[in-house]
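Have the sequence and the 3D view open while you read.

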Amino acid sequence: MTIRIATICGSVRPGNYTHMAMNVAIDELRKTSDIEVTAIDLSTLDLPLPGLDARNPEAIQAFQTTIEEATGALLAAPEYHGGISSPMKLAIDNLGFPSKLAGKPVAILGVAAGAIGAIKSTEQLRAICAHVGAVPLPLAVSIPLIQQVFNEQGECQDPRAEALIRRSATSLLDYINNAVCPKLSLEALLREKST
Ligand SMILES: Cc1cc2nc3c(=O)[nH]c(=O)nc-3n(C[C@H](O)[C@H](O)[C@H](O)COP(=O)(O)O)c2cc1C
């Protein structure tokens, strides 16, 4: 079975560090065979504010379909003013009600410039994901002092941080392989037997 992972980077700043961390996690995901990773770039989506008409409804529909068809999602949240970024919240607000994230395992990766790390953004993202019915994984990875972790070329300079970022990817795959896929196979088996 192909595992489909959708990733959402919560920063749209040119040269942002969240994207650099996300790239490491995506690299880890792609080590697995039979996996499809769709990286959602919020800077190209032109998401409408809640209640306003979309200027590009097809793009919003495609975004929703990507999440709907995903086995799981990896969300990367920069710490902005003690919370999640507005692009990340807007992305979740554009996933419908009930949310296309409902029932999906979600790995959370937070990055922050400060020494405390992305404590607030990861906590808030976990609460929002749980609220919309997603399954946020217990391990939320928070990377502090992110400007010291990556160089300007986006290369990770800190092996410990890199290992943690990679764990956000492996914990998602572990959960999918151990909790989601066995359930799916069991369902398939039962359906086969009942026909
Ligand atoms: C609007 C805004 C608010 C921010 N607030 C915080 C903050 O509260 N705590 C912190 O550690 N860093 C804060 N930062 C710095 C970001 O954590 C830093 O830019 C980091 O690289 C992640 O964001 P990025 O992916 O956009 O680069 C803020 C940055 C922006 C643009």
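Predicted model: local features only at pLDDT ≥ 70, side-chain atom pairs only at ≥ 80, totals over all residues.

Residues are numbered from 1 along each chain as its sequence is written, and side-chain values use heavy atoms, with hydrogens and water left out.

There are 16 residues around the ligand (a heavy atom within 4 Å of it), and Ser 11, Arg 13, Thr 18, Tyr 80 and His 81 come nearest. Sorted by class, that shell has seven nonpolar, seven polar and two charged residues; Gly counts as polar here, and Tyr, Cys and Pro are among the nonpolar ones. Helix 1 (17-29) and helix 5 (146-149) each bring in at least two shell residues (helices are DSSP runs of H or I, at least four residues, numbered from the N terminus).

Here are some polar contacts, meaning pairs of N or O atoms within 3.5 Å:

| Protein atom | Ligand atom | Distance |
|---|---|---|
| Thr 18, polar side-chain atom | oxygen | 2.4 Å |
| Glu 79, polar backbone atom | oxygen | 3.0 Å |
| His 81, polar backbone atom | nitrogen | 2.6 Å |

On its own, the ligand has 600 Å² of accessible area, and the protein covers 74% of that (Shrake-Rupley method, 1.4 Å probe).

Now for Thr 18, which sits in helix 1. Is Thr 18 buried or exposed? Thr 18 counts as buried because its relative accessibility is 2%, and buried means under 20% (protein chains only). Beyond its neighbours within four places in sequence, Thr 18 is in contact with residues including Cys 9, Ser 11, Pro 78 and Val 111 (heavy atoms within 4.5 Å).

Key. Polar contact = N/O pair within 3.5 Å; in protein donor to acceptor, adjacent residues only side chain to side chain. Buried < 20%, exposed > 50% of the residue type's maximum accessible area, 1.4 Å probe, protein only.
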